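Please consult the sequence and structure shown below while reading.

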Amino acid sequence: MGKGAETHETILQEAVALASVAGLEGVTIGTLATHTGLSKSGLFAHFGSKENLQVETLRAATERFVASVVSPALRKPAGIRRVRALFDNWVKWSGSQGRGGCLFVASAVELDDQEGPARDFLVEKQREWFDVIARTAQRAVDAGDFRPDLDCEQFAHDLYSHFLGYHHARRLMRDPKAEPRARAAFEQLLRNAQ
């Protein structure tokens, strides 16, 4: 990796950390210049616009999410073990996001009523994530771990809803029982799928 690529990656690491606390709107060329010590013109040369910076920030966060949550789970055998790995990795990833929490949850709230490239990118990646969950559930059906008539898209919706509830309870409410409750809800979801 060349110096320019290393600098670009360092900038994006800072942008992801900043966005998880200040939101995507809080990530501007100016605020990022302050946080990185780089010049505004240097940052502009990397991204060209605030919109490109926001999309690249979401792209960097997505790459980290896939590397931490999705890829390790997909290495597990198809079936309930893979579904469990997705959930476990997701909970672990959520807890490792530091002060700002889940950038995707925050961005979804921030961008839901705004048109533009950042929202379009986030919607695309969220659809892909739902598809990963649904396909993982379908593999569990194929493996005989889940019942043959399972609505895998509904399963994906329900699992994601449990995660949002967990995130809300853990981050906003600071409920010390957030994870045990999320795990209990997950186990019930698995029982209902069998």
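Predicted model: local features only at pLDDT ≥ 70, side-chain atom pairs only at ≥ 80, totals over all residues.

In which helix is the place of Thr-62? Thr-62 lies in helix H4, which spans residues 50-74.

**Thr-62 and its surroundings**
- Thr-62 has a relative accessibility of 15% and therefore counts as buried, the cut-off being under 20%.
- When residues up to four places away in sequence are set aside, Thr-62 touches Phe-104, Phe-121 and Lys-125.
- One of these partners, Phe-104, also belongs to the H6 side of the contact between H6 and H7.

**Packing of H4 with H5**
- Helix H5 covers residues 80-95, and H4 packs with H5 at an angle of about 155 degrees, the axes being 8 Å apart.
- Because angles over 145 degrees count as roughly antiparallel, H4 and H5 are placed in that class.
- The crossing in which H4 passes H5 is right-handed.
- On the H4 side the contact involves Arg-64, Phe-65, Ser-68, Val-69, Val-70, Pro-72, Ala-73 and Leu-74, which meet Arg-82, Ala-85, Leu-86, Asn-89, Trp-90 and Trp-93 of H5.
- By class, the residues of the contact of H4 with H5 comprise 10 nonpolar, 2 polar and 2 charged.

**Packing of H5 with H9**
- H5 also packs with H9, at an angle of about 160 degrees and with the axes 12 Å apart.
- H5 is therefore roughly antiparallel to H9.
- H5 and H9 cross in a right-handed manner.
- From H5, the residues Ile-80, Val-83, Arg-84, Phe-87, Asp-88 and Val-91 meet Glu-179, Ala-182, Arg-183, Phe-186, Glu-187 and Leu-190 of H9.
- The contact of H5 with H9 divides into 7 nonpolar residues, no polar residues and 5 charged residues.

**Packing of H6 with H7**
- Helix H6 (residues 103-111) and helix H7 (residues 117-142) have axes that come within 10 Å and cross at roughly 130 degrees.
- H6 is therefore oblique to H7.
- The crossing of H6 past H7 is left-handed.
- Phe-104, Ser-107, Ala-108 and Leu-111 of H6 make the contact with Ala-118, Arg-119, Leu-122 and Gln-126 of H7.
- In the contact of H6 with H7 there are 5 nonpolar, 2 polar and 1 charged residues.

**Nonpolar core**
- The largest nonpolar core contains 61 residues, and those with the most contacts inside it are Trp-90, Trp-129, Phe-146 and Phe-155.
- H7 supplies the largest share of this core, with 10 residues.
- Trp-90 is also among the H5 residues that meet H4.
- Beyond its neighbours within four places in sequence, Phe-155 is in contact with Val-83, Ile-133, Ala-137, Phe-146, Leu-150, Leu-189, Leu-190 and Ala-193.
- Among these partners of Phe-155, Val-83 and Leu-190 also take part in the contact between H5 and H9.

- Arg-174 is in the loop between helix H8 (152-172) and helix H9 (178-193).
- Although Arg-174 is not a glycine, its phi is positive, at about 55 degrees.
- With 69% relative accessibility, Arg-174 counts as exposed.
- His-46 is in helix H3, residues 40-47, and is partly exposed with a relative accessible area of 29%.
- His-46 and Gly-95 are 49 residues apart along the chain, and their C-alpha atoms are separated by 31 Å.

Technical notes:
Residues numbered from 1 in each chain as written. Heavy atoms only, no water. Axes fitted to C-alpha atoms, helices over the stretch in contact; angles between N-to-C directions. Helix = DSSP H or I, 4+ residues; strand = E, 2+ residues; numbered from the N terminus. Parallel < 35°, antiparallel > 145°, perpendicular 65-115°, else oblique. Left-handed = near helix turned anticlockwise from the far one by under 90°. Contact = heavy atoms within 4.5 Å. Nonpolar A, V, L, I, M, F, W, Y, C, P; charged D, E, K, R; others polar. Buried < 20%, exposed > 50% of the residue type's maximum accessible area, 1.4 Å probe, protein only. Core = buried A, V, L, I, M, F, W, Y, C linked by side-chain atoms within 4.5 Å.
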